[in-house]
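This briefing sets out the sheets, nonpolar cores and selected residues of a single model. Please consult the sequence and the structure below alongside the text.

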Amino acid sequence: MPGEPPEPPSLAAAEPGELDGRTLAGYRLEHVLGRGGMAVVYRAEDLRLGRTVAVKLLAPELARNETFRKRFVRESHIAASLDHPNIVPVYDAGEVEGVLYLAMRYVRGRDLRALLDREGPLTGAQTVRIAVQVASALDAAHAHELVHRDVKPGNVLIAEGTDPDHPEHAYLTDFGLTKKSLSLTGLTSVGQFVGTLDYVAPEQISGKPVDGRCDVYSLGCVVFEMLTGGPPYRRDDDLALLWAHLNDPPPDVREQRADLPAGVGAVLERAMAKRPGERYGSCLEFVAALRAAVGAGGGAGPGAGAGPGAGAGAGRSERGPERGEAGEGRPPLPPDWARPVFEP
């Protein structure tokens, strides 16, 4: 009829912004928090319980792949069963109008990428505090046979801690459900691998089977960046970066942070060993060695003792945007966002 508002687009055909205000599976979508090539994440209201959540909608073509659907159901159940203080809880998963979705806790804070960009290198003590929480989350996932495969600063959420002795609370996000499933169902291009180039383990690059030790390598790269402000290998193009991960020995962290104890370099060298069998057997084993090497002093570091925002610009590494899976820079994150367990 003339004058009547047009019918809203179907969920599968709608652009992300067109879904604001829509309700699906008991969640009212409010606005987009972030998007990637195969998913979009919304801040939403759980109408049944009256709480704010993050809802991730996967690309419609994923629901049409039966192999992916089965993996989605199975691994969503595993992720929801991970009751761990450093893993964002999954509340719900399912399919509505031909689109797969996940609902999870909405967490207010910033990610480690934003923290490093703002403050530059962290002290040894702060690095250990964050790393031990990430390592605990990774080992919990490994115990359920889930390998993260994409540990990077952008996938570590830093929220406010509980007290002065625990000033930050770290959440690990993005357990690679879509990435692993896509690679196994033929939905990725030939030769594409899972992982972000600055932190990817050699066995991921070469296409060999991976286990939790690939996360040890990536966590080692992230710890190196927390201590220096930049990733271990800095190259002009992606091919050179991949070659470095495969062949170049880990750089000495003390060449950039002379204030650190000598043992820290040896710990990182083992964590980033080219062969998985030469690394630490677990992420917590790695971080325990790191804590022992850092010692009680913690490494003063640039801007130590200053308030929030100190060190921004001073001691920050000269580096471009973090490389993505396609070698593109990340857009800036808003100050208030939610990171889902399964990142786009």
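Two strands are taken to pair if DSSP finds at least two bridges between them. Helices (H or I, at least four residues) and strands (E, at least two) are DSSP runs, numbered from the N terminus. This is a predicted model, in which local features need pLDDT of at least 70 and side-chain atom pairs count only at pLDDT 80 or more, while totals for chains, interfaces and linings use all residues. Residues are numbered from 1 along each chain as its sequence is written, and side-chain values use heavy atoms, with hydrogens and water left out.

- An open, antiparallel sheet is built from six strands in the order 1-2-3-4-6-5.
- Its edges are strand 1 (23–24) and strand 5 (90–96); each has a single partner strand, so one side of each lacks a neighbour in the sheet.
- Strand 3 (residues 39–46) runs antiparallel to strand 4 (residues 51–58), and eight bridges join the two.
- Within strand 4, Lys-56 is the residue opposite Val-41.
- Six bridges connect strand 5 with strand 6 (residues 99–105), again in the antiparallel sense.
- Gly-94 has Tyr-101 of strand 6 as its bridge partner.
- A hairpin is formed by strand 5 and strand 6, with two residues between them; Glu-97 in the turn has a positive phi of about 50 degrees.

- Another open sheet has three strands in the order 7-8-9, with antiparallel pairing.
- Strand 7 (110–111) and strand 9 are its edge strands, each pairing on one side only.
- Strand 8 and strand 9 are antiparallel and share six bridges; Leu-157 has Tyr-171 in strand 9 as its bridge partner.
- Helix 4 lies across strand 8 and strand 9, at about 35 degrees to strand 9 (axes are lines fitted to C-alpha atoms, for helices over the stretch in contact, and angles run from 0 to 180 degrees between N-to-C directions).

**Nonpolar cores**

- A nonpolar core is a set of buried Ala, Val, Leu, Ile, Met, Phe, Trp, Tyr and Cys residues joined through side-chain atoms within 4.5 Å; buried means under 20% relative accessible area, exposed over 50%, and partly exposed in between (1.4 Å probe, protein chains only).
- The largest such core has 54 residues, and Leu-112, Ile-130 and Phe-286 have the most contacts inside it.
- Elements giving two or more residues to this core include helix 3 (112–119), helix 4 (124–143), strand 8 (156–163) and strand 9 (166–172).
- Helix 7 makes the greatest contribution to this core, with ten residues.
- Leaving aside residues up to four places away in sequence, Ile-130 touches residues including Leu-112, Val-156, Ile-158, Ala-170 and Met-226 (contact means heavy atoms within 4.5 Å).
- A second, separate core has 20 residues, among them Ala-59, Val-90, Leu-100 and Tyr-106.

**Cysteines**

- The structure holds zero disulfides, a disulfide being a pair of cysteine sulfur atoms within 2.5 Å.
- For Cys-214, the nearest cysteine sulfur is that of Cys-283, 8.9 Å away.
- Cys-214 is buried, with a relative accessible area of 0%, and Cys-283 is likewise buried at 0%.

**A buried glutamine**

- Gln-204 belongs to helix 6 (residues 202–205) and is buried, with a relative accessible area of 8%.
- Its side chain reaches the backbone oxygen of Arg-149 at 3.0 Å, a polar contact (a pair of N or O atoms within 3.5 Å; within protein, one must be able to donate a hydrogen and the other to accept it, and residues adjacent in sequence count only if both atoms are side-chain atoms).
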